[in-house]
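Student: Could we go through this model together? I have a few quick things to ask as we look at it.

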Amino acid sequence: MNNVAINSDGCILPIWSSSACNYALKVLKELKRDNWELSILFCGNDKITELNNKYRDKNEPTDILSFNLGETIIEDGKTVYLPGDIIISLDTLRENAEYFQIPQDEELRRLLIHGILHLDGMDHETLDSNEPMLKLQEEILIKLKDEKIESFYNGVKK
């Protein structure tokens, strides 16, 4: 059984965060991953710029960062996998959605899949849609197209 913890830093925890948690769980199920303890943090551009500068030497905001931990622990006699952390800037998420002219809900779902794939060991050299990781990302997005982040627009400006 997987578990997803969602927190926020520098912004109010969105009212749709439990729905985002459920979506992440569905992505893990689609990837046939089990016993994951996944951590997701929502923040603004200030926090993600700070992290991007500190860990990637890029003094600019980005939409998502993933920090791979990749450790297995035994908890209550059960093997649990700690893949790492996903950090998503809600500011950049909104900017991306506007730039690409897509719903913010879709951009959030894409970012969640993207972060999970990175923590699962995948990577990409470019943003070319033919990159295997990005192809899989879009396949999962399409496969789970009916799984919306409920009440997303009640908590984030369009």
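This is a predicted model: local features need pLDDT of at least 70, side-chain atom pairs count only at pLDDT 80 or more; totals for chains, interfaces and linings use all residues.

Student: How many disulfides does a search of the whole structure find?

Tutor: The search finds zero disulfides. A disulfide is a covalent bond between the sulfur atoms of two cysteines. A pair of sulfurs has to be within 2.5 Å to be counted as one, and for C43 the nearest cysteine sulfur, that of C11, is 6.6 Å away.

Student: Changing topic, how much space lies in the largest pocket?

Tutor: The largest pocket holds about 730 Å³ of space. Its lining is made up of 21 residues, and those nearest the pocket centre are D63, I64, H114, H124 and L127. Two or more lining residues come from each of strand 3 (64-75), helix 3 (90-100), helix 4 and helix 5 (132-143).

Student: Which of them gives the most?

Tutor: Helix 4 does, contributing six residues to the lining of the largest pocket.

Student: What is the lining like by class?

Tutor: It has seven nonpolar, eight polar and six charged residues.

Student: Staying with helix 4, where does E107 sit, and is it buried or exposed?

Tutor: E107 is in helix 4, which covers residues 104-119, and E107 counts as buried because its relative accessible area is 4%, under the 20% cut-off. If we set aside the neighbours within four places in sequence, E107 is in contact with D63, L93, N96, A97 and I102. D63 is also among the residues nearest the centre of the largest pocket.

Student: What about strand 3, which strand does it pair with?

Tutor: Strand 3 pairs with strand 4 (residues 78-89) in the antiparallel sense, over 10 bridges, and within this pairing I73 stands opposite V80 in strand 4. The two strands form a hairpin with two residues between them, and D76, in the turn, has a positive phi of about 55°.

Student: Why would anyone remark on that phi?

Tutor: Most residues other than glycine have a negative phi. D76 is not a glycine, yet its phi is positive. D76 counts as exposed, at 80% relative accessibility.

Student: Where is Q101, and what is its phi?

Tutor: Q101 is in the loop between helix 3 and helix 4, and its phi is near 55°, again a positive value in a residue other than glycine. Q101 is exposed as well, with a relative accessible area of 75%.

Student: One more loop: where does I149 lie, and what is it in contact with?

Tutor: I149 lies in the loop between helix 5 and helix 6 (152-155), and at 3% relative accessibility it counts as buried. Apart from neighbours within four places in sequence, its contacts are W16, S19, A20, Y23, D105, L108 and R109. The C-alpha atoms of I149 and E138, which are 11 residues apart along the chain, are separated by 17 Å.

Student: Last one, how far is N22 from H114?

Tutor: Their C-alpha atoms are 16 Å apart in space, and the two residues are 92 residues apart in sequence. N22 is in helix 1 (residues 17-30), and it is partly exposed, with a relative accessible area of 42%.

Conventions:
Residues are numbered from 1 along each chain as its sequence is written. Side-chain values use heavy atoms; hydrogens and water are left out. Helices (H or I, at least four residues) and strands (E, at least two) are DSSP runs, numbered from the N terminus. Buried means under 20% relative accessible area, exposed over 50%, partly exposed in between (1.4 Å probe, protein chains only). Contact means heavy atoms within 4.5 Å. On a 1 Å grid over the protein atoms alone, a cavity is a set of points where a 1.4 Å probe fits but cannot get out, and a pocket is an open set with protein on both sides within 12 Å along at least five of seven lines; lining residues have an atom within 4 Å of a point. Grid points are joined across faces, edges and corners, and a volume is the space filled by probe spheres set on the points. Ala, Val, Leu, Ile, Met, Phe, Trp, Tyr, Cys and Pro count as nonpolar, Asp, Glu, Lys and Arg as charged, and the others, Gly among them, as polar. Two strands pair if DSSP finds at least two bridges between them.
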